[in-house]
Amino acid sequence: MTTEDDPARVGAHPARVAITGSSGFIGRHVAAAFRSLGTEVVPLDLRDEARVVDVRLHIEPDLFAGCDAVVHLAALSGVAPSLERPVAYEHTNVDGTARVADAAVAAAVPRLVVASSSSVYGECAGPAGEDTPLRPLSPYGRTKLAAEQAAAARAADIEVVVVRPFTVYGPGQRADMLLARMLAGERCTLWPFARDFTYIDDVVAGVVAAVTAPLTGRRACWNLGSGRPVTAAALIDSLEQATGRRPDVEWGPPRPHEAHRTWADPTRATRDLGLPAPLPLVEGLRHQADAARG
């Protein structure tokens, strides 16, 4: 049965949702969004003392009992560290996704939402739609693609929804991320890139909508991006406009195994998930700067 065949599930807020990676940047925001809707959240994370879950190990299906969906956000992220620890990324991102999916199937959860990454596209010559060929450049990107495939292999037993966020930023971002470092006044090295910066609330809106959005089959995939790639030079200008202070930067060579440009085509997600227009970068940077000061 698809969600189109079950009117009770279309557009209704889920009663109970499990979130892996609930203590991470995106996970904290997603959990807060569901709680604001009155949804009971089952938080699962290595850093959550109430329900510590390591996706590298066996996952008890009882953790997902009674859930309308499992939102799988737990993963190792970042291109550079994946070059040094490819096996660890394989175990966490690929094997971990398979374990989460199997536990969700065993618990008879109707839907699994898996967070992938824009890194699965590799170099974006133009706006990448969900059907654009996938050519990841790094171990990180390859493990996120393999995680998508591991989840899709269970689609006969559970609805599988993949979301692909593009360069997420906003309040609560890890302190070691580029924008957080630049906002903190740290001297940073930039290179000639263009990134589809996407504000955290826009990504969260897509994840939340993906939990109950109608499907025409057993699988779906949506990009979560702004559709507006920003060059490194334009990013400097945006930061200055947002904060009144010129960032302290130096220029370096391109980073190995990283795309020069990421660029989402958000048309399908905007249509299917009913997402609003994405927040402009300068406004999002102001929110992040204000939160950091607070």
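Helix 4 (residues 139–152) lies across strand 4, strand 5 (159–165) and strand 10, and runs at about 165° to strand 5. Contact here means heavy atoms within 4.5 Å; axes are lines fitted to C-alpha atoms, for helices over the stretch in contact, with angles from 0 to 180 degrees between N-to-C directions. Helices (H or I, at least four residues) and strands (E, at least two) are DSSP runs, numbered from the N terminus. The model is a predicted one, with local features needing pLDDT of at least 70 and side-chain atom pairs counted only at pLDDT 80 or more, while totals for chains, interfaces and linings use all residues. Residues are numbered from 1 along each chain as its sequence is written, and side-chain values use heavy atoms, leaving out hydrogens and water.

Helix 6 (residues 200–212) lies across strand 1 (16–20), strand 3, strand 4, strand 5 and strand 10, at about 155° to strand 4.

Six strands make up an open, parallel sheet, ordered 2-1-3-4-5-10. Strand 2 (40–44) and strand 10 (219–224) sit at the edges, each pairing on one side only. From one strand to the next, the twist averages 15°. Pairing requires at least two DSSP bridges between two strands; strand 3 (residues 69–72) and strand 4 (residues 111–115) have four, in the parallel sense. Within strand 4, V114 is the bridge partner of H72.

As for the cysteines, C67 is buried at 5% relative accessible area, and C188 is buried at 1% (buried is under 20%, exposed over 50%, partly exposed in between; 1.4 Å probe, protein chains only). The disulfide count, taking pairs of cysteine sulfur atoms within 2.5 Å, comes to zero.
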